[in-house]
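Dear colleague,

I am handing over the model we spoke about, with notes on what was found in it. Please read them with the structure open beside you.

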Amino acid sequence: MILRLVQLTKRHGTHLAVDRLDLEAREGEFLVVLGPSGCGKTTTLRMIAGLEEPDDGEIWLGDRNVTRVPPRHRDMAMVFQSYALYPHLTVEENIAFPLRVRRVDHAEAARRVGQAAAKLGLEKLLERRPRALSGGERQRVALARAIVRQPNVFLMDEPLSNLDAQLRLETRAELKRLQHELGVTTVYVTHDQAEAMTLAHRVAVLAGGILQQLDSPINVYNQPANLFVAGFLGSPPMNLVEGRVDPGARGIVVDETLWPLPQGALDRLHGRTQVVMGVRPENVRLARESITGAVPARVYVVEPAGSECLVVVRLGRQTLTARVSADVNLDYDQAVWTQVNPERLLFFDPASRKAI
Amino acid sequence: MKATAAAALLLLLAVLAALLPVYWLATISLKQPVDQFAVPPVWIRFTPTLEHFREILFARPFLTYVWNSVVVAGGSTLLALLLGAPAAYGLARFRLPHELHERLSFWILSTRMFPPIISIVPLFLMMNRLDLLNTRASLVLIYTAFNLPLVVWMMRGFFEEVPVELEEAAMVDGLNRVQALVRVVLPLTAPGLAATAVFCLIVAWNEFLFALVLTQTDRVMTLPVGIAAQVTQFEIRWGAMSAAGVLAMIPILIFAFAVQRYLVRGLSMGAVKG
């Protein structure tokens with residue numbers, strides 16, 4: 001089912017929680033809404049579910065306008081951050097609840113509960129009550145309750161955030177597989193950019209109630225639409241340094257240091273004076289000797305991370321993070337040469353904060 | 001270890017202090033009048049008699065008092081819960097403009113802040129006007145009014161403990177708000193409802209002052225008034241009063257034991273990540 005939000009707006013008092021949001025989740029799509037806390041993503045999800053009424057705009061489910069339809073008639077399934085399992089019911093009764101409510105006949109309900117439980121490995125827990133389950137088990141019951149009927153849309157509100165790190169990774173993979181098998185349009189809300197990158201067909205980045213960018217994870221990562229998206233995605237985040245364009249010197253001057261740029265980049269910056277330059281840590285190279293287009297810097301700190309190594313270097317007042325191979329051998333305050341991959345350089349307008 | 005022993009001793013003392021009057025009441029109900037006020041007191045070795053129970057049960061309209069008390073206490077408790085619980089739910093779940101939900105809650109509580117006796121004359125006049133003097137209905141109405149604020153305050157707390165997400169989940173799963181209230185919220189607040197009901201019942205069962213003023217005949221008298229009526233112009237029938245007191249405790253005890261299971265709290269634990 002296609003889910004479409006049109007100019008959706010919600011105010012909390014005088015604060016605009018969601019501001020004229022246009023968004024579409026395609027048939028069977030895994031759409032992740034990503035943003036920091038307070039960006040309006042949970043409010044958006046609650047409006048889709050019908051738990052909050054929008055002040056303006058419309059919500060379309062296929063060719064049906066459901067903006068004012070109560071939650072029970074939208075036929076969506078939601079997984080809450082707290083799981084919201086019914087504590088007075090057993091696991092089996094919890095999973096069967098949406099079917100009982102819809103008066104699905106008993107044999108059919110039992111069959112579907114069995115299927116959902118099998119899919120999530122809950123067969124042995126059916127008689128238990130939620131309080132006798134671990135966090136991961138509760139999470140799976142919540143998912144089973146969502147998939148037990150074939151809803152129009154799945155809504156998920158940070159469903160992995162209460163799990164510990166190891167379990168979160170496992171469940172993340174299982175969730176992706178599950179969504180693929182069921183092929184139900186899914187809107188998934190999270191503040192975790194790693195979840196967004198790994199799960200989504202498309203990512204909608206939200207900040208201050210406004211849609212910043214809607215694109216595939218790889219495009220959002222490589223071509224962020226603005227400085228917010230550039231800084232929010234990626235771990236460690238993108239290096240952003242502000243400098244002055246100097247066409248005569250064929251580069252950008254940052255703190256008296258000249259960063260030489262190739263002709264193509266200079267053409268893109270034609271007519272501008274101040275720009276913010278962005279480069280991902282994996283596109284920064286470090287060398288012990290001077291190479292063409294490199295800028296001198298000093299090692300500030302080295303952070304080995306097993307398969308790779310993060311090196312923070314200082315150039316005057318600026319710091320840059322480089323992601324280099326794990327076998328690099330650098331020491332505090334060592335002099336190095338820093339070079340950025342000119343193909344992967346991004347530029348932003350410091351005034352409008354938009355990508356150039 | 002030492003602290004546990006001290007605590008146990010303290011608890012024992014507390015239990016003794018609470019049970020001693022009950023023991024005294026129960027023994028007096030079984031004693032011959034000659035033993036009742038013997039000095040030194042006869043604690044155990046007396047010849048028991050069921051004479052007082054026989055007198056109470058057969059010679060006086062005791063069973064009428066019991067029935068009146070059951071009707072009045074049961075009726076007012078039911079009515080107070082029926083009116084108070086929805087009010088409490090509304091105050092727990094909905095935010096009204098200008099903090100009205102808080103103000104209303106306090107206003108409701110404030111009706112219990114004056115001593116009840118000051119309202120007795122106006123209430124007597126009102127009941128007279130309504131032609132409800134010397135009826136059980138007048139007591140049901142008054143006890144309901146007095147229990148309502150406590151029902152609202154107790155139940156509001158219990159409702160607030162139920163996570164909102166549970167209701168929201170139920171609504172997404174296909175229920176409307178009233179159905180969600182009945183199928184999800186009420187089962188979880190059953191212990192609270194039971195505790196509140198016990199509280200209301202005890203208050204109504206024991207109430208004396210209004211019952212004394214508003215009822216005059218055996219036909220509508222409740223137990224406390226009926227028992228007090230054993231103090232007559234000529235004698236105080238201690239044995240009969242004690243026997244009646246013992247019998248009056250029984251229904252409340254039965255009810256409290258019946259709902260004991262629900263009084264054990266904690267059913268809502270584990271709903272949200274615990």
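**What was found**

Chain B holds 13 helices and zero strands, where helices (H or I, at least four residues) and strands (E, at least two) are DSSP runs numbered from the N terminus. This is a predicted model, in which local features need pLDDT of at least 70 and side-chain atom pairs count only at pLDDT 80 or more, whereas totals for chains, interfaces and linings use all residues. Residues are numbered from 1 along each chain as its sequence is written, and chains are lettered from A and ligands numbered from 1 in the order in which they are written.

The C-alpha trace of chain B spans about 70 × 65 × 30 Å along its principal axes. Of its 274 residues, 34% count as buried, that is, with 20 or more other C-beta atoms, placed from the backbone, within 10 Å of their own. Among the contacts in chain B with a separation of 6 or more, 79% join residues 24 or more positions apart, a contact being two residues whose C-beta atoms, placed from the backbone, lie within 7 Å.

Helix H7 of chain B (residues 136-161) has 26 residues and reaches 36 Å from its first C-alpha to its last, close to the 38 Å expected, which is 1.5 Å times one less than its number of residues. In H7(B) a kink of about 35° lies at Asn147(B), shortly before the proline Pro149(B); the bend is the angle between axes fitted to the seven residues ending at a residue and the seven starting there.

The largest nonpolar core has 152 residues, and those with the most contacts inside it include Met78(A) and Val151(B); such a core is a set of buried Ala, Val, Leu, Ile, Met, Phe, Trp, Tyr and Cys residues joined through C-beta atoms within 7 Å. H7(B) gives the most to this core, with 12 residues. Leaving aside neighbours within four places in sequence, Met78(A) is in contact with Ala49(A), Ala146(A), Leu155(A), Ala169(B) and Val172(B).

The contact between the chains takes 25 residues from chain A and 22 residues from chain B. On the side of chain A that touches chain B, strand S6 (76-79) and helix H2 (91-101) of chain A each supply at least two residues.

Chain A is assigned domain 1 (3-232) and domain 2 (239-348), with bounds from an automatic or database domain assignment. Their centres, taken over C-alpha atoms, are 40 Å apart, and their contact takes four residues from domain 1 and five residues from domain 2.

With best wishes

Conventions. Buried ≥ 20, exposed ≤ 12 C-beta atoms within 10 Å, placed from the backbone.
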